[in-house]
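The following note comments on the ligand site and on several individual residues. Please read the points beside the coordinates.

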Amino acid sequence: MISQTRDIVQKSLDALLEDEHFLPELQGEARKQSFTSLTAILSTPNHIHKSFLRVPLENGRVDRIPAFRVQHNNALGPYKGGIRFHEMVNEDEVVNLASLMTLKNSLHDVPFGGGKGGIIINPREYTDKELNLIAKKYVQYFSDVIGPDKDIPAPDMGSGEREMDWMMAEYKSIHPGYPYRGSFTGKSVINGGSLGRREATGKGVYFTLRYMMHDFIKNQKNLLTKTDNVFAKTALNYENKPLTISVQGFGNVGSVAALEAYQSTHLQNKVVAVSDRNVTLYNADGLDIPALVEFTMRNKGDLPVTDDQLKEIDVKADISDREDVLYLDVDVLILAALEDQIHKDNVEKVKAGIIVEGANAPVTTEADEFLSDKGIIIVPDILANAGGVIVSYFEWLQGRETQFYSEDEVFKLLFEKMQTTLDTVLPQFFGDPFPLRQNCYIHSVTKLSTILYRQGKLY
Ligand code: NAP
């Protein structure tokens with residue numbers, strides 16, 4: 001995974017080295033040396049903080065729980081990124097996720113750097129009281145390196161607003177008298193969180209798809225007819241038939257993206273499949289997404305797994321294995337669960353024409369190359385799933401101003417920001433030979449490189 005991000009950053013730097021319009025004042029040997037410096041800076045994190053949290057459990061045992069905070073780059077502003085509570089999280093993964101945050105923030109003009117955290121636990125195995133202690137210990141162990149102007153964590157898999165509230169409160173206790181609201185984002189609204197933060201990533205994922213398939217093409221028909229890529233064909237044909245969509249993962253990101261797709265008035269969507277860690281639910285005529293969302297809210301986030309449960313909520317669907325969602329013959333597959341879901345061993349079974357990365361890095365390098373060679377469009381994570389960090393930025397701003405925006409204002413600002421990025425990268429995507437991921441990386445790396453150069457960091 002680390003190599004995937006590194007490879008694309010390197011390819012972007014190689015392309016910029018050859019681009020005579022990029023930093024034209026750097027020539028000859030000085031240009032080469034500056035690009036070598038850029039590779040070194042962007043491919044390694046500034047800091048990897050690692051601790052073993054000492055946590056007394058309710059059964060009397062004392063555990064030492066490994067935890068990380070990785071700070072990749074802060075050229076654009078304080079480090080920013082979630083804390084993952086997961087038994088499989090590891091240092092390499094956190095480093096890669098932190099570097100994706102640097103690239104994502106740069107791409108969307110969010111004035112933050114890239115960071116990420118991880119705690120190696122399965123949260124389902126701990127009581128609420130133990131989780132509270134683990135969250136507080138994380139803040140105690142890393143309190144010197146986090147803070148509103150240093151490094152601002154947020155929720156990630158396995159954590160949510162409850163954990164952020166706990167962590168902000170602990171930060172406040174450790175630093176009495178200092179500003180604390182901006183120390184964590186993704187908090188509950190009553191504790192200074194932003195309206196719309198919970199839905200932001202899923203809404204942004206669907207907005208990206210909708211903007212590409214609807215708003216953008218309305219003004220770009222000439223551009224699209226000149227290309228034969230799958231996106232163009234699907235986009236031009238969508239008016240004649242509903243767009244079929246399947247969604248892997250029905251958590252914070254997947255369920256909101258599915259609901260947005262279901263409720264959309266811009267496109268005639270049919271969400272034909274959704275999945276979680278237990279099942280895939282499929283209905284060729286389209287699933288009743290509001291009923292499924294309502295069911296998960298009553299059942300700790302789980303989708304129905306039996307015909308009786310489906311009958312209880314009057315939802316018609318076939319139940320099958322969780323992987324089946326990946327191989328359906330649909331127009332769009334939204335990946336909103338975990339990393340590495342499409343890889344070299346299963347990529348040949350994927351039939352979707354467009355893949356939207358709601359999760360971070362759900363498609364491996366080999367799979368990405370295979371799909372791109374087939375003309376399948378992959379809307380990359382750093383483009384599609386930035387809604388969370390964008391609204392986190394709004395939360396941080398609101399905390400500073402102690403002025404809070406309405407939900408409508410938050411979504412308006414979110415969509416405007418994402419649209420600005422889309423309007424920058426989409427015309428280039430149709431005008432040059434690079435896949436969309438590469439295009440986004442070039443845009444992001446161009447900005448980071450220019451800033452690092454102007455800050456005198458390349459000597
Ligand atoms: P979440 O609320 O924990 O939801 C994850 C979903 O994936 C759940 O439905 C989970 O099912 C499902 N899942 C887990 N393992 C699976 C498997 N092996 N096969 C199929 N489904 C599986 O997490 P989230 O916040 O939605 O995040 C999802 C992804 O988006 C993560 O990669 C995260 O890093 C990324 N992301 C999130 C945000 C954000 O703001 N939340 C922002 C950017 C990126 P169960 O409920 O059954 O476990």
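Which residue has a polar side-chain atom 2.4 Å from an oxygen atom of the ligand?

1. The residue is R277, whose polar side-chain atom lies 2.4 Å from a ligand oxygen. A polar contact is here a pair of N or O atoms within 3.5 Å; within protein, one must be able to donate a hydrogen and the other to accept it, and residues adjacent in sequence count only if both atoms are side-chain atoms. R197 also places a polar side-chain atom 3.4 Å from an oxygen atom of the ligand. From G251, a polar backbone atom is 3.2 Å from an oxygen of the ligand. The ligand taken alone exposes 890 Å², and the protein buries 86% of that area; such areas come from the Shrake-Rupley method with a 1.4 Å probe, and for residues only the protein chains shown count as cover.

2. As to the basis of these values, this is a predicted model in which local features need pLDDT of at least 70 and side-chain atom pairs count only at pLDDT 80 or more, while totals for chains, interfaces and linings use all residues. Residues are numbered from 1 along each chain as its sequence is written, and side-chain values use heavy atoms, with hydrogens and water left out.

3. Around the ligand there are 23 residues, of which R84, T201, F250, V253 and R277 come nearest; a residue is near if one of its heavy atoms lies within 4 Å. By class, the shell holds eight charged, eight polar and seven nonpolar residues. Ala, Val, Leu, Ile, Met, Phe, Trp, Tyr, Cys and Pro count as nonpolar, Asp, Glu, Lys and Arg as charged, and the others, Gly among them, as polar. Domain 2 (47-193) and domain 3 (198-379) each give at least three residues to this shell, the bounds coming from an automatic or database domain assignment.

4. The UniProt annotation "binding site", from an unreviewed entry, covers T201 and N252. Although these positions span 52 residues in sequence, no two of their C-alpha atoms are more than 8.0 Å apart, so they gather at one spot. Such annotations may be inferred rather than shown by experiment; feature names are shortened and positions follow the numbering used here.

5. T201 belongs to helix α6, where helices (H or I, at least four residues) and strands (E, at least two) are DSSP runs numbered from the N terminus. T201 is buried at a relative accessible area of 11%; buried means under 20%, exposed over 50%, and partly exposed in between, with a 1.4 Å probe and protein chains only. Helix α6 also contains F216, which is buried with a relative accessible area of 4%.

6. S159 sits in the loop between β5 (151-155) and α5 (161-174) and is buried, at 13% relative accessibility. A polar atom of the S159 side chain lies 2.8 Å from the backbone oxygen of I83.

7. L23 has a positive phi of about 45°; L23 is in the loop between α1 (2-18) and α2 (28-43) and is buried at 5% relative accessibility. K300 has a positive phi of about 50°. K300 occupies the loop between α10 (289-298) and α11 (307-312), and at 81% relative accessibility K300 is exposed.
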